[in-house]
Amino acid sequence: MIPITPSKIVCVGRNYVAHAKELGNELPERPMLFFKPPSALIGSGDAIELPAASAQVEYEGEIGVVIGRRLRRADGRAAEQGIRGYICANDVTARDLQKPDGQWGRAKGFDTFCPVGERVAEGLDWRALSVVTRVNGDERQRAPAADMHFSIPELLAYISGVMTLEPGDLILTGTPAGVGRLSPGDVVEVEIPGVGKLSNPVRSAPAT
Ligand code: ZN
């Protein structure tokens, strides 16, 4: 079950210092935005399918923000008030396609590349959130939202200065250090304590 029907999924790249460093990148001066298509959404328990076009598909555990109220050119305070809640998310990425393609539409946009949790948790303070990723039970990522380069209200204010955010829209707020490859047979889990757990098996995409 997918508890949201976003008109768009806006993602933020390189928003944790340690993750930018692990991929050899500088921290951006402004939030680095890209999109995932809503067709990439799957629910908890659904399989992530590794496309034949990539030999290096990686997990990125992230805190997802679900918009509750239309935001257009919002300041940080209005942005915070426009949040409906938080959801576990995995920004699945074909790492080996990012650089050669230049644009990230393909690397981030394959079907099944946007798993989200079963519920939107409301009434939480973003300052208290953290995200944990496990593969086959082994912890790979763990970081508090406080480690973000741009905070959640700063991100929403910036994005809403570009595009109107509609209720139900999903924002993926960047991944911490510790990204890594997924193989057929793996199970990847993203947990946000207080929000829930998202778990997905991994398999090769069918040939046709
Ligand atoms: Zn990401």
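Buried means under 20% relative accessible area, exposed over 50%, and partly exposed in between (1.4 Å probe, protein chains only). Strands are DSSP runs of E with at least two residues, numbered from the N terminus. The model is predicted: local features need pLDDT of at least 70, side-chain atom pairs count only at pLDDT 80 or more, and totals for chains, interfaces and linings use all residues. Residues are numbered from 1 along each chain as its sequence is written, and side-chain values use heavy atoms, with hydrogens and water left out.

**View 1. Strand β6 is enclosed.** 7 of the 7 residues of β6 are buried, so the rest of the structure largely encloses this strand. One face carries G61, I63, V65 and I67; the other carries E62, G64 and V66. Both faces are covered. In a regular strand the side chains alternate between the two faces of the sheet.

View 2. Two strands pair if DSSP finds at least two bridges between them. β6 pairs with β7 in the antiparallel sense over 7 bridges. Here E62 has A89 of β7 as its bridge partner. β6 also pairs with β12 (residues 170-172), again antiparallel, over 3 bridges. G64 is bridged to L172 of β12.

**View 3. The zinc site.** Donors are N, O and S atoms within 2.8 Å of the metal (3.2 Å for Na, K and Ca); water is not among the atoms, so sites may look incomplete. E60 (OE), E62 (OE) and D91 (OD) coordinate the zinc ion at 1.9 to 2.1 Å. Along the chain, the donors follow the spacing E-x1-E-x28-D. E62 sits in β6 (residues 61-67) and D91 in the loop between β7 (83-90) and β8 (93-94), so this pair ties together parts 29 residues apart in sequence. E62 is buried at 0% relative accessibility. D91 is also buried, with a relative accessible area of 0%.

**View 4. An open, mixed sheet.** 5 strands line up in the order β4-β15-β14-β10-β11, with mixed pairing. β4 (48-50) and β11 (138-144) are the edges; each has a single partner strand, so one side of each lacks a neighbour in the sheet. The twist averages 20° from one strand to the next. β14 (residues 187-192) and β15 (residues 196-204) run antiparallel, joined by 6 bridges. V187 has P201 of β15 as its bridge partner.

View 5. A disulfide is a pair of cysteine sulfur atoms within 2.5 Å. The count comes to 0 disulfides. For C88, the nearest cysteine sulfur is that of C114, 12 Å away. C88 is buried, at a relative accessible area of 2%. For C114, the nearest cysteine sulfur is that of C11, 6.4 Å away. C114 is buried at 0% relative accessibility.

Technical notes
Helices (H or I, at least four residues) and strands (E, at least two) are DSSP runs, numbered from the N terminus. Axes are lines fitted to C-alpha atoms, for helices over the stretch in contact, and angles run from 0 to 180 degrees between N-to-C directions.
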